[in-house]
Amino acid sequence: MTVTNVSNTLTWPSPPASFVGDSAVENYLVIYGWPNRKLFGTQWLPAQQMSTTIEWLEPLTNYTVKVTAVLENGMLGSISWLEFRTTEGGEMRILCSDSL
């Protein structure tokens with residue numbers, strides 16, 4: 001995860017084979033928002049896209065984000081909610097090793 005004062009770029013690994021089994025990832029659902037305001041946005045991404053940038057964020061603000069894999073067989077798998085805070089300026093890198 002790369003966080004700036006107005007954006008967050010997320011990259012995630014493929015789900016483990018033990019979860020996918022004989023199916024395949026159909027798409028990813030990225031949910032993000034402000035934990036204290038209960039407002040959330042979503043992004044639906046194709047299976048081959050395992051990275052996205054959330055833009056138009058406010059500086060020095062706390063956010064949460066979650067990535068969910070949607071399989072062709074209808075199963076869902078996701079990482080835990082991740083919390084991050086936008087910066088005052090510049091860039092901050094956070095290593096995310098949670099798998100789906």
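**A walk through a predicted chain**

At 41% relative accessibility, Leu60 counts as partly exposed, and that is where I'd like to begin. Leu60 sits in the loop between E5 and E6. Its backbone is worth a look: Leu60 has a positive phi of about 50 degrees, although it is not a glycine. In general, most residues other than glycine have a negative phi.

Hello everyone, and please keep in mind that what you see above is a predicted model.

Trp56 is not a glycine either, yet its phi is positive, at about 65 degrees. Is Trp56 buried or exposed? Its relative accessible area is 81%, and the cut-off for exposed is over 50%, so Trp56 is exposed.

Now let me step back to the whole chain. Its secondary structure comes to one helix and nine strands. If you trace the elements from the N terminus on, you read β-β-α-β-β-β-β-β-β-β. Of the 100 residues in the chain, 43% count as buried. The accessible surface comes to about 5,900 Å², and 52% of that surface belongs to carbon and sulfur atoms.

How much of the contact pattern comes from residues 24 or more positions apart? Taking the contacts in the chain with a separation of 6 or more, such residues account for 59% of them.

You'll find Ser7 in the loop between strand E1, residues 2-4, and strand E2, residues 8-11. Although Ser7 is in a loop, it counts as buried, at 13% relative accessibility. What does Ser7 touch, once we set aside residues up to four places away in sequence? The answer is Thr2, Thr53, Ile54, Glu55 and Leu57.

The largest nonpolar core has 22 residues. Those with the most contacts inside this core are Leu10, Trp12, Tyr28, Val30, Ile54, Val65 and Phe84. Which elements give two or more residues to the core? They are H1, E3, E6 and strand E8, residues 82-85.

Leaving out neighbours within four places in sequence, Val30 is in contact with Leu10, Trp12, Gly41, Thr42, Gln43, Leu45, Thr52, Ile54, Val65, Lys66 and Val67.

Thr42 lies in strand E4, residues 39-46. Apart from neighbours within four places in sequence, Thr42 contacts Leu29, Val30, Ile31 and Tyr32. Thr42 and Lys66 are 24 residues apart along the chain, and their C-alpha atoms are separated by 9.7 Å.

One more threonine, please: Thr68, in strand E6. Thr68 is buried, with a relative accessible area of 10%. Beyond its neighbours within four places in sequence, Thr68 is in contact with Asn27, Tyr28, Leu29, Leu76, Gly77 and Ser78.

Finally, the rings. A pair of aromatic rings is described by the distance of the centres and the angle of the planes. How many aromatic pairs does a search of the whole structure find? It finds four. One of them joins Trp12 and Tyr28, with 5.4 Å centre to centre and 65 degrees between the planes, and that pair is edge-to-face. The pair links distant parts of the chain: Trp12 is in the loop between E2 and helix H1, residues 17-20, while Tyr28 is in strand E3, residues 25-34, and the two are 16 residues apart. Both Trp12 and Tyr28 are buried.

Notes: Residues are numbered from 1 along each chain as its sequence is written. This is a predicted model: local features need pLDDT of at least 70, side-chain atom pairs count only at pLDDT 80 or more; totals for chains, interfaces and linings use all residues. Side-chain values use heavy atoms; hydrogens and water are left out. Helices (H or I, at least four residues) and strands (E, at least two) are DSSP runs, numbered from the N terminus. Buried means under 20% relative accessible area, exposed over 50%, partly exposed in between (1.4 Å probe, protein chains only). Contact means heavy atoms within 4.5 Å. Rings of Phe, Tyr and Trp (its six-membered ring) pair if their centres lie within 6.5 Å; planes under 30 degrees apart count as stacked, over 60 as edge-to-face and the rest as tilted. Accessible areas come from the Shrake-Rupley method with a 1.4 Å probe; for residues, only the protein chains shown count as cover. A nonpolar core is a set of buried Ala, Val, Leu, Ile, Met, Phe, Trp, Tyr and Cys residues joined through side-chain atoms within 4.5 Å.
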